Amino acid sequence: MKTTTTSATTTRIPRNGRRIFRSRRPRVGVVLVVKNKSQSGEAAENAPKASGVDRSLNPRVADLNESKTVALTDLARTLKERGEDVIGLAAGEPDFETPDVCAKAGIRAIECGKTKYSPNPGTLPLRTAICEKLKRENGVEYKPNEIVISNGAKQSVTQAVLTCCGPGDEVIVPAPYWVSYPEMVTLSGAEKVILKTDIKSNFLITPGQLEKAITPKSRMLILCSPSNPSGAVYSRETLEKICEIVTKHPRLLVLWDEIYEHIIYAPNEHVSAASFPNMWERTIVVNGFSKSFAMTGWRLGYSAAPEYFSKAFNMLQSQLTSGPSSIAQEAALAGYVELGDKGGAPVELMRKKFQERRDYVIERLRKIDGVAIETPGGAFYAFPDVTKLCGGDKGGFVEEFGPVKGSDEMCRYLLQEARVALVPGSAFGVDECIRISYAASDETLEKALDRITQALDPKKFKRSGSW
């Protein structure tokens, strides 16, 4: 991958920079290829022709990478369907059912005939409920016309990036990042500026690091707290200092992704970036119902932003998908209105269970020689650093597998040897780590960690630099 480094922790990546993830020892019977597109000019020039049909693509689409999380989740599902004993811990999806209140409201919506097109920005009752929730729980005030409800938070993020960023702009993306952030920037034509973090900083950027990365071209800073994939949470003090820096730069906006806000563990607290002085007018808040309310399949998210941005988001959505599902909106409305603050008892029960699982997973991982991990403050992911296992020039080594170098190779090895599907840190811009979702049953997690521990036994798996 060609990169230009502007500091020890800031990397500007050209839009044609690519990394390939391919299984070379597919004992499980499937070769995983995450497709990566070549430079846009080459993609158009070398596009295959059949029967006189030009198959070339829009260069920005041709430059996109396939999501490794989606690819690995689909692979694990395929292997299970074929009878393979594979444990999938790659998906970012709660294993709980949608709260009964929400599910029944969705059923009632169907039975009552609420199955027509929704207003483009979403129904007024749900937009009003979102405003009330943001004021009550997050201390920020919006009007219903400043809310745009979309088909998932991913669409809300995409619309914000496409609307506000374009060629000549820079978008600052801390790494580790959610896999889709850089690709959304690529689609907009802007340049992504990656701010690398590591386990020493608990995978959080520092105010000083941000200040050095800002240039006259800086248009947007994307922050997610609690973080996917690390579970790290920005403290009020750190976030306040970051916001003070942002407000010094009139062109710089913040996209504040708080999709995991209710899955947070004491003593951590969730604080909205929009709540700090002079930040409301320059912050785009994105949230949704997939994580906190276990409504991933309902596909519903939203953005909250000043009217001058929300009006543009609404216009773009009107030409892409139109309004979101009327049925899903009824289910979400019941969640906000009937369950009360922070999703009430169902969400709190889920949060407590996730915390128990977190503690168990962290305890087990820390017993594996060579694994380093900080305790996540939120979300439902563990993001262990495996540098001592597979880092360095040579990486690790297993007799019947060969060299295990980097996170891609580590995940291939664990899929082949332990039959556990995880996500390599390279998908999130931090190759030193791997992501483990603990959104699975206690029995499944115990079984998976038994397998991982056995596969990484020092008698079998030679550590980096020891062979």
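## Overall architecture

Among contacts (heavy atoms within 4.5 Å) between residues at least 6 apart in sequence, 73% join residues at least 24 apart. The model is predicted: local features need pLDDT of at least 70 and side-chain atom pairs count only at pLDDT 80 or more, while totals for chains, interfaces and linings use all residues. Residues are numbered from 1 along each chain as its sequence is written, and side-chain values use heavy atoms, with hydrogens and water left out.

The protein contains 15 helices and 21 strands. These elements are DSSP runs numbered from the N terminus, with helices (H or I) of at least four residues and strands (E) of at least two. Of the 467 residues, 56% are buried; buried means under 20% relative accessible area, exposed over 50%, and partly exposed in between, with a 1.4 Å probe and protein chains only.

## Salt bridges

Side chains of opposite charge can pair when their charged atoms come close. The structure holds 26 salt bridges, each being a side-chain nitrogen of Lys or Arg within 4 Å of a carboxyl oxygen of Asp or Glu. One of them joins Lys114 and Glu330 at 3.4 Å, N to O. This pair links distant parts of the chain, 216 residues apart: Lys114 lies in the loop between α4 (100–111) and α5 (124–138), and Glu330 in helix α11 (residues 326–338). Lys114 counts as partly exposed because its relative accessibility is 42%.

Arg358 and Asp359 form another salt bridge, at 2.9 Å, N to O. Arg358 is buried, at 7% relative accessibility, whereas Asp359 is partly exposed, at 38%. Glu363 and Lys367 also pair, at 3.8 Å, N to O; Glu363 is partly exposed at 44%, and Lys367 is exposed at 62%.

Helices α3 (68–81), α6 (153–164) and α7 (180–188) each supply at least two lining residues, and α3 gives the most, with five.
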